[in-house]
Amino acid sequence: MQRILEPELMEDFEQVKAYAEADFAEPHNDFIGRLQTVFANPAFDGAVLDLGCGPGDVTKRFASAFPLCRIDAVDGSKPMLDYAINAINAQIKQRINFIHGRLPDVSLLNRYGVIYSNSLLHHLPDPAVLWQTIKKHAQSGAVVVVMDLLRPESQEAAKNMVNTYATNEPDILQRDFYNSLLAAFTINEIKEQLDAAGMPLMASQISDRHVFISGTL
Ligand SMILES: C[S@@+](CC[C@H](N)C(=O)[O-])C[C@H]1O[C@@H](n2cnc3c(N)ncnc32)[C@H](O)[C@@H]1O
């Protein structure tokens, strides 16, 4: 099945509300747990970059797991960032700098010791934008962790996944999940992207619909 793009930024108010208010505790804790298998240093006090942070749920969980770090969390959607800023408690928020900006044009002054991104890649019309942004802002030795959806073989397979994993979710979340599956890459496409970008990261399929990409630059 050919990739079918979905709107890049999530800016529609109802869409943002549904996404921000959904319970992603399980997948987001899973993301942090997997990240900790690659980067197990809770005393890390350096700079972290979260790309496509959305309403900040993963950002908050990362900040709790690494209580000394500082995070720049970027999203191109202002409504998403408004949710993030309002949803995170004041103590954790002191260590998070939410930045309204769109890759690849976002202006970041820093280089980062850890760069992660959850569920951004499939939104990008040009996936090289993510890999080039990571390369540009990684310190030497930076840990990189990216997780995303994988594109199923057919629209019917995508529908089956929505029925299997999101049947109790609001219609708008089911629609977005379906559109995201169609917009996602295959694991071979992702490996080609990494080769083209010259990035020594490992991409592994970790479920019927997820890929986990990690390594050190
Ligand atoms: C599916 S959400 C994931 C949010 C969050 N990382 C999470 O796991 O809950 C994808 C986010 O990427 C943002 N996004 C898409 N393209 C972007 C770009 N070029 N630059 C910055 N943010 C982008 C969207 O606005 C959206 O908030």
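This report covers the sheet, its packed helices and some salt bridges of a predicted model.

**The sheet**

Seven strands form an open sheet with mixed pairing. Their order is β3-β2-β1-β4-β5-β7-β6. The edge strands, each pairing on one side only, are β3 (96–100) and β6 (202–205). Neighbouring strands are turned by 15 degrees against each other on average, direction ignored. Strands β1 (residues 47–51) and β2 (residues 70–75) run parallel and share five bridges. Leu 51 has Val 74 as its bridge partner in β2.

**Helices on the sheet**

Helix α6 (residues 128–137) packs on the sheet and touches β1, β4 (112–118), β5 (138–149) and β7 (210–216). Its direction makes about 155 degrees with that of β5. Helix α9 (residues 187–197) also packs on the sheet, touching β6 and β7. The angle between the directions of α9 and β6 is about 175 degrees.

**Salt bridges**

The count comes to nine salt bridges.

| Salt bridge | N to O distance |
|---|---|
| Asp 30 – Arg 34 | 3.0 Å |
| Arg 61 – Asp 57 | 2.9 Å |
| Arg 209 – Asp 208 | 2.8 Å |

Arg 209 is buried at 16% relative accessible area. Asp 208 is partly exposed at 38%.

Asp 30 and Arg 34 are four residues apart in helix α2 (residues 25–38), so about one helical turn separates them. Asp 30 is partly exposed at 33%, and Arg 34 is partly exposed at 26%. Arg 61 and Asp 57 are four residues apart in helix α3 (residues 57–65), again about one helical turn. Asp 57 counts as buried because its relative accessible area of 18% is under 20%.

Methods: Residues numbered from 1 in each chain as written. Predicted model: local features only at pLDDT ≥ 70, side-chain atom pairs only at ≥ 80, totals over all residues. Heavy atoms only, no water. Pairing = 2+ DSSP bridges. Helix = DSSP H or I, 4+ residues; strand = E, 2+ residues; numbered from the N terminus. Axes fitted to C-alpha atoms, helices over the stretch in contact; angles between N-to-C directions. Contact = heavy atoms within 4.5 Å. Salt bridge = Lys/Arg side-chain N within 4 Å of Asp/Glu carboxyl O. Buried < 20%, exposed > 50% of the residue type's maximum accessible area, 1.4 Å probe, protein only.
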